[in-house]
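Biologist: Could you walk me through this model? I would like to hear about its contacts and its charged pairs.

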Amino acid sequence: MSNKAARNLFIFGSLFFFVIFLGLTFDTMKQIDGRAPEVTKEVDDGKQVWHKYDCIGCHTILGNGSYFAPDMTKVVEKKPAGYLKKFLMDPKSTNKNATMPKLGLSSKEADDMIAFLTWISKIDTNGWPPKPILAQAAGVGGAQQTRGQQVYQSQGCSNCHSINGIGGTSGPDLTKVGAAGKDAEWHMKHLKDPNSLVPGSAMPPYPSLSDSDLKELAAYLVSLK
Amino acid sequence: MTIKYQSQKIAQYFYTFAIILFAVQVLVGLVAAIQFLKPDIAILSFATIRTLHINALVVWLLAGLMGATYYVVPEESETELWNYPIALFQFWATVVAVTAVVVGYIVMGIFPQANISVLGTLVLNEGREYIEAPRWADVLIVVSVLLFLFNMFMTMLKTKKWTAIQGVLLTGLVFLALMYLPGMFYSKNMVKDQFWWWWVIHLWVEGSWEVIAGALLAFMLMKTIGAKREVLEKWMYIEVGLVLFTGILGTGHHYYFIGTPKYWWWVGGFFSSLEPVPLLLMVWDAFRTTREARNVTNKVGLFYTVAHAIFNFVGAGLWGVIHTLPQVNQWTHGTQITTAHGHLAFYGAYVLLIMAMIYVTLPSMRGVKEFKTSRAYQAFWWMTISMVFIVLTITGAGMVQVYMERLMGLDYVAVKANYNLWFWIIRAIFGVGFLVGTLIFVYDYFRLGKDQGLQKT
């Protein structure tokens with residue numbers, strides 16, 4: 001191949017692929033709006049809060065960012081909005097293990113941020129992040145679970161609490177919660193209204209749990225020693 | 001060896017600025033590595049430290065590329081620079097703008113509320129990774145780059161030599177400047193925001209910068225061993241052609257999971273799998289040319305040139321291709337695997353490239369034929385061994401993270417704090433090793449050609 005032929009291959013080949021890329025970009029731009037809910041004013045305000053505090057300096061979102069702190073794509077599915085709001089406004093007083101600094105978000109900014117993250121969670125991401133294989137499997141197979149364990153699972157307690165390393169880290173670890181000296185009665189009251197026993201608690205109340213479910217769940221928690 | 005044209009000396013301003021920022025980058029990088037273990041170790045939080053780490057990287061590499069270009073174009077055009085004062089103004093304007101941006105990041109790190117919005121744009125930090133620089137700085141950067149490109153173009157126009165090397169170099173630089181623009185408008189939709197953001201990031205790093213690297217590789221092989229221009233230029237066209245044929249549509253590997261249509265799985269998966277091919281070709285090119293060489297005039301320069309080609313392929317090529325297929329990437333996306341790839345790719349493709357260009361061009365600017373080379377080799381081994389282990393530890397951390405978080409369902413924070421702890425400790429230790437190598441290099445840069453008993457020309 002002559003140098004001139006190589007040069008022409010470079011120039012026209014690159015232009016060819018760039019034109020294809022432009023075509024695909026055009027088509028993608030038409031499809032993007034249909035793959036997520038409408039962007040409301042709150043969502044856009046929340047996005048600006050996201051940029052203002054340089055959240056991507058630590059977090060990832062849609063898998064892109066700094067890998068220092070958890071991914072925010074599905075965070076609203078895992079954490080109740082009440083917890084998120086308290087956490088955003090004052091992380092360390094909400095979860096004493098938190099690394100995140102207190103950035104000084106106003107109440108409105110926190111609400112807008114939650115609206116933005118709720119919108120993010122509804123984007124069609126082609127199935128990302130995938131559901132963890134083992135955690136999925138553990139919920140459907142294995143040994144017979146007690147009623148208390150089933151309630152623990154069905155209420156999503158493990159989104160914030162962990163037992164033996166499985167679960168979230170936003171709430172206290174429950175591996176040895178039964179050894180903390182609280183009886184079943186205390187736990188039942190706490191589950192119905194956490195704030196009445198732990199003022200300022202970020203945990204949401206579970207008033208809709210039936211008395212028998214409450215009793216079983218409390219028994220399970222007391223058994224963890 | 002002396003330089004042919006006095007105005008080529010402008011390159012040294014850019015090299016010096018680049019190297020100071022490089023030292024800053026490595027220093028804050030070490031702080032960031034320690035913050036994985038103790039987040040409150042510094043006054044500035046991880047977010048600010050990391051912003052400084054990646055912005056210093058981008059700016060020093062750009063400054064290095066500009067310096068290299070200021071050296072190459074007069075040499076290839078066989079004439080003095082079109083306008084030296086404008087080049088000097090462009091340099092100082094860049095320094096002032098970059099310093100202002102850095103001060104802004106630090107202010108925002110201490111007072112987060114200071115990052116207010118004026119006329120719809122944030123004044124200190126735009127909160128978008130890699131292109132955090134605020135809009136006023138974007139405008140200054142564009143003006144600076146346009147002045148630079150205009151000066152280069154006018155210099156070429158003086159003699160109209162239009163050599164292939166400077167043609168490809170300028171093509172890469174114009175492409176680089178154009179691809180900065182998609183990052184400069186606000187989109188309410190986060191998916192569109194990230195879509196255009198990747199145009200900047202991907203088409204820089206896996207597009208225009210690799211084109212520039214291809215041109216500089218040919219230039220360095222010609223300078224260090226006197227390889228034949230015609231052969232080098234032909235392979236350069238093929239290499240940079242393949243870079244763009246695979247790299248442009250390879251952008252699709254960032255569009256798998258961000259809310260874009262699923263056909264990107266096919267486009268991105270296919271083309272990005274081929275992205276290592278041109279990088280392998282560059283390695284082969286470097287070895288073939290070196291084997292045929294009879295007359296090595298600059299051993300250290302050649303050493304760094306070949307090392308750049310190899311680590312460009314390993315870091316940008318191999319470490320990228322292992323997680324580029326969507327079936328793999330759905331598990332690894334957003335994990336430390338990407339961090340590992342980023343570190344080795346930037347080191348191999350661009351850090352070593354700028355260092356190679358410095359060792360190839362600096363001796364003539366300092367007016368020496370020979371120079372003491374032991375420090376250059378020491379810096380290389382300290383840096384390279386450290387970087388390889390940094391990358392291996394982050395890769396290990398990423399593998400553990402993928403299995404525990406993505407497969408077993410453990411919490412992100414639990415994996416990072418407990419199961420990855422040792423990886424962070426080892427990474428920080430090798431970070432110290434990398435800093436040692438960097439400081440040796442910085443010292444060598446300022447000392448090169450000034451040691452006693454060297455033959456002057």
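Modeller: Happy to; here are some questions and answers on this predicted model.

Biologist: How many residues does chain A bring to the contact with chain B?

Modeller: Chain A and chain B bury about 6,700 Å² between them, 66% of it on carbon and sulfur atoms. A:Phe10, A:Tyr67 and A:Phe68 supply 12% of the area that chain A buries against chain B, more than any other three residues. Chain B takes part in the contact with 83 residues, and chain A with 71 residues.

Biologist: Which element gives the most to the side of chain A that touches chain B?

Modeller: There are 35 residue pairs in polar contact across this interface, both residues at pLDDT 80 or more. Elements of chain A that each supply at least two residues to the side touching chain B include α2 (41-52), α6 (107-121) and α7 (133-140). The most comes, with 19 residues, from α1(A).

Biologist: Which residue of chain A meets B:Asp193 in a salt bridge?

Modeller: Across the interface of chain A and chain B, two salt bridges are found. In the pair with B:Asp193, N and O are 2.6 Å apart, and the partner is A:Lys47.

Biologist: Is A:Arg35, the salt-bridge partner of A:Asp124, buried or exposed?

Modeller: The closest N and O atoms of this pair are 3.6 Å apart. The bridge links distant parts of the chain, 89 residues apart: A:Asp124 is in the loop between α6 and α7 of chain A, and A:Arg35 in the loop between α1 and α2. A:Asp124 is partly exposed at 36% relative accessible area. A:Arg35 has 15% relative accessibility, and the cut-off for buried is under 20%, so A:Arg35 counts as buried.

Biologist: Which residues are linked with A:Lys41 and A:Asp45 in a network of salt bridges?

Modeller: A:Asp45 and A:Lys41 both lie in helix α2 of chain A, four residues apart, about one turn of the helix. Their side chains meet at 2.8 Å, N to O. A:Asp45 counts as buried at 18% relative accessibility, whereas A:Lys41 counts as exposed at 58%. The network of salt bridges also includes A:Lys108 and A:Asp112.

Biologist: What is the area of the nonpolar surface patch that includes B:Val103?

Modeller: B:Val103 sits in helix α3 (residues 84-110) of chain B. Patch members need over 30% relative accessible area, and B:Val103 is partly exposed at 47%. Together with B:Ile43, B:Ile106, B:Val107, B:Ile110 and B:Phe111, B:Val103 makes a patch of about 570 Å².

Note on methods
Residues are numbered from 1 along each chain as its sequence is written. Chains are lettered from A and ligands numbered from 1 in the order in which they are written. This is a predicted model: local features need pLDDT of at least 70, side-chain atom pairs count only at pLDDT 80 or more; totals for chains, interfaces and linings use all residues. Side-chain values use heavy atoms; hydrogens and water are left out. Patches are made of residues with over 30% relative accessible area and no salt bridge: like charges are joined within 9 Å, nonpolar side chains (Val, Leu, Ile, Met, Phe, Trp, Tyr) within 5 Å. Accessible areas come from the Shrake-Rupley method with a 1.4 Å probe; for residues, only the protein chains shown count as cover. A salt bridge is a side-chain nitrogen of Lys or Arg within 4 Å of a carboxyl oxygen of Asp or Glu. Buried means under 20% relative accessible area, exposed over 50%, partly exposed in between (1.4 Å probe, protein chains only). Contact means heavy atoms within 4.5 Å. Buried area is the accessible area (1.4 Å probe) that two parts lose on being put together, summed over both. A polar contact is a pair of N or O atoms within 3.5 Å; within protein, one must be able to donate a hydrogen and the other to accept it, and residues adjacent in sequence count only if both atoms are side-chain atoms.
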